[in-house]
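User: I would like to learn how to read helix packing and nonpolar cores. Can you take me through an example?

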Amino acid sequence: MSRYTVFGAAGFIGSSLVAYLRNEGHEVIPVARDQWPEVATDLGHAIYAIGLTADFRSRRLDVTDAHVHLLTRILREHRFESLLYLSSTRVYAGSNSSSEEATLSVSPLNEDHLYNVSKIMGESLVLSDSNPRARVVRLSNVVGVNDRSDNFLNAVIADAVANGKVMFRTASDSARDYLGVGDACKMIAAIASEGKQRIYNVASGENVSNNEIARLLGTRHIETVFHLGATKVAYPVIDIGAIRQEFSFSPASFENNFDDIFAHRKTLEKSVHLS
């Protein structure tokens, strides 16, 4: 049994990690922002899951607090056996490669790059630490039934269940990587305790297009329409060679994750109507 300290334990990924680690028999200390550990606490395997995503444009200072400032407190004030910083595969936007060694491209003149700039800063702080067990995981779009955010897939499924129809505002060939939260938790825990590299991509390694999502909705008799003139939003296919080789990683299919989320949303919708 190992001891883990999970920062950001109230969020979707953080709370899922806490549940997963406890189910595996580990001691877990969940940390919320108002329950920070005392200075010089030995954190064991520290996992930094604090972050902001969808609303980062309207919360610029909160983003830098979440991705950088609070992280510096851990590095400055605490001891740890390992530290794992949860970053994002979004940092590959504009890059020619999605391997962990790729050179990343950002511009401080582009306000949409604030998210990537702050994540890269957090990564740099961790990777410059003298402890070789201070590592970075770049996560793709993690999905699961307990995610209460309004991210793209959740919004699509919520519309489908509530209205029986979905209007896509991005083109049919828009595509991104989706990873089930169970697979994400399994890999995060393994990398925190056993990882040999400093940076890992944790993703499915396959992009799923809006067309494929529309097809799955169609099998459930949901009408789908693509907005006239919708723009294509495509992300690079994420290289997961490192976790395949080191951990024999094989993710669950997108369709299985989609089925679970859709069924859960239908149950929630039914309970609302019954109440």
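User: Which residues in the largest nonpolar core touch the most other members?

Analyst: Keep in mind that this is a predicted model. The largest nonpolar core has 36 residues. I47, L84, L86, V137, L139, I191 and I243 touch the most other members.

User: Which helices and strands each supply at least two residues of this core?

Analyst: The strands are β1 (3-7), β4 (82-88), β5 (134-139) and β9 (199-202). The helices are α1 (12-23), α5 (181-194) and α7 (241-247). The largest share comes from α5, with nine residues.

User: What is I191 in contact with, leaving aside its neighbours within four places in sequence?

Analyst: I191 is in contact with L84, R135, V137, Y200, V202, I243 and F247. There is also a second, separate core of 22 residues. That second core includes A46, L71, A134 and I199.

User: Now the helices. How are two packed helices described?

Analyst: Two packed helices are described by the angle between their axes and the distance between the axes. Here, take α4 (residues 152-163) and α6 (residues 210-218). They pack at an angle of about 30°, and their axes are 12 Å apart. Angles under 35 degrees count as roughly parallel, so α4 and α6 are roughly parallel to each other. Their crossing is right-handed.

User: Which residues of α4 and α6 meet?

Analyst: From α4 come F152, L153, V156 and A160. From α6 come N210, I213 and L217. The residues of this contact divide into six nonpolar, one polar and no charged.

Key:
Residues are numbered from 1 along each chain as its sequence is written. This is a predicted model: local features need pLDDT of at least 70, side-chain atom pairs count only at pLDDT 80 or more; totals for chains, interfaces and linings use all residues. Side-chain values use heavy atoms; hydrogens and water are left out. Axes are lines fitted to C-alpha atoms, for helices over the stretch in contact, and angles run from 0 to 180 degrees between N-to-C directions. Helices (H or I, at least four residues) and strands (E, at least two) are DSSP runs, numbered from the N terminus. Angles under 35 degrees count as roughly parallel, over 145 as roughly antiparallel, 65 to 115 as roughly perpendicular and the rest as oblique. A crossing is left-handed if the near helix is turned anticlockwise from the far one by less than a right angle, and right-handed if clockwise. Contact means heavy atoms within 4.5 Å. Ala, Val, Leu, Ile, Met, Phe, Trp, Tyr, Cys and Pro count as nonpolar, Asp, Glu, Lys and Arg as charged, and the others, Gly among them, as polar. A nonpolar core is a set of buried Ala, Val, Leu, Ile, Met, Phe, Trp, Tyr and Cys residues joined through side-chain atoms within 4.5 Å. Buried means under 20% relative accessible area, exposed over 50%, partly exposed in between (1.4 Å probe, protein chains only).
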